[in-house]
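Subject: Structure handover

Hello,

Here is the structure I said I would pass on. Please open it and keep it beside this message while you read.

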Amino acid sequence: TPAAGRIEFDNVTFGFPGAETPVINSASFVAEPGKTTAIIGSTGAGKTVLLNLMLRLYDPQQGSVTIDGAPVDKLTRAQLAESISLVPQRPYLFGGTIATNLRFGRTDASDDELWEALRVAQGEDFVREKELGLDEPVSQGGTNVSGGQRQRLSIARALVAKPLVYLFDDSFSALDVATDARLRAALPDATEGATTIIVAQRVSTITEADQILVMEGGEIVGRGTHDELLTDNEVYQEIVRS
Ligand code: M5T
Ligand code: MG
């Protein structure tokens, strides 16, 4: 069968070297292709570490992480990078131009593809306003673009790469509510068929998700749709109220 991007965590436990308590504790879940899996939970709950385990930034002490049945620790970093695009919580831009930054994951992308990704990522307007457009210089670290613009360019970069799996680590919380809504309305078409995993702060960002995982203290303490969790998960109810 062709690669599809199905991610499975089976009883994964991970702790940083020297730390007494694990940061991820017996986590099991499946993120299916064509579906959106959302992860929500308080700061320090382990959301970023969970995403990092998919990219093998570190390996679990227990359990397994697989993509389409293949253990990620059997894949090379290059193979993983081809399958998975991460929009990190603190996006990074390289010295170059807007275009070279957007083509980071796929150098053969056309200008039309870059503009289309920018349209979805709600970054089209500010790039059109730049004198040189796609060829506008970007300084290393992206210090000459605002935090919100950096985030949109980082989202567009992931879209250009057309991976099997998208990981959005808190990529929408810095956007105002209206922009967040426009972006999420455009995202399903742009990521069709892919496995989408969204770490979010705002419940409004994830109400439409096929599956929501609620994390607390490194554990998945709830899972279900928004409506299901509203009915039966106290931690989720607390997040909704706050
Ligand atoms: C989970 C610790 C962190 C926290 C726990 C990335 C990282 C995390 N931690 C380290 O000790 N070293 C590290 O390099 O692990 O952290 P997280 O996964 O970053 O939490 P989060 O993403 O749910 O939080 P936030 O604030 O992004 O919503 O104890 O200290
Ligand atoms: Mg985080």
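An oxygen atom of ligand 1 lies 2.9 Å from an N or O atom in the side chain of Thr-48. The model is a predicted one, and the distances below are computed from it. The side chain of Lys-47 also has an N or O atom placed 2.7 Å from an oxygen atom of ligand 1. With Ala-45 it is a backbone N or O atom that sits 3.2 Å from a ligand oxygen. On its own, ligand 1 exposes 620 Å², and 61% of that is buried by the protein.

Which other residues surround ligand 1? Among them are Phe-16, Val-23, Gln-89 and Gln-201. The shell divides into 4 nonpolar, 7 polar and 1 charged residues.

The largest pocket holds about 700 Å³ of space. It is lined by 25 residues, and those closest to its centre are Ala-81, Ile-84, Ser-85, Leu-86 and Phe-104. Helices H1 (47–54), H2 (77–83) and H6 (147–161) and strand S6 (84–87) each give two or more residues to this lining. By type, the lining has 14 nonpolar, 6 polar and 5 charged residues.

The second largest pocket has a volume of about 390 Å³. Of its 19 lining residues, Thr-36, Arg-184, Leu-187, Pro-188 and Glu-208 are closest to the centre. Helix H7 (177–190) is one of the elements that give two or more residues here, along with strands S3 (36–41) and S10 (195–200). H7 supplies the largest share, 3 residues. This lining divides into 7 nonpolar, 7 polar and 5 charged residues.

Regards

How values were computed. Residues numbered from 1 in each chain as written. Chains lettered and ligands numbered in written order. Predicted model: local features only at pLDDT ≥ 70, side-chain atom pairs only at ≥ 80, totals over all residues. Heavy atoms only, no water. 1 Å grid on protein atoms, 1.4 Å probe; cavity = no way out; pocket = protein on both sides within 12 Å on 5 of 7 lines; lining within 4 Å. Points joined across faces, edges and corners; volume = space filled by probe spheres on them. Helix = DSSP H or I, 4+ residues; strand = E, 2+ residues; numbered from the N terminus. Nonpolar A, V, L, I, M, F, W, Y, C, P; charged D, E, K, R; others polar. Near = heavy atom within 4 Å. Polar contact = N/O pair within 3.5 Å; in protein donor to acceptor, adjacent residues only side chain to side chain. Areas by Shrake-Rupley, 256 points an atom, 1.4 Å probe, with all protein chains shown as cover.
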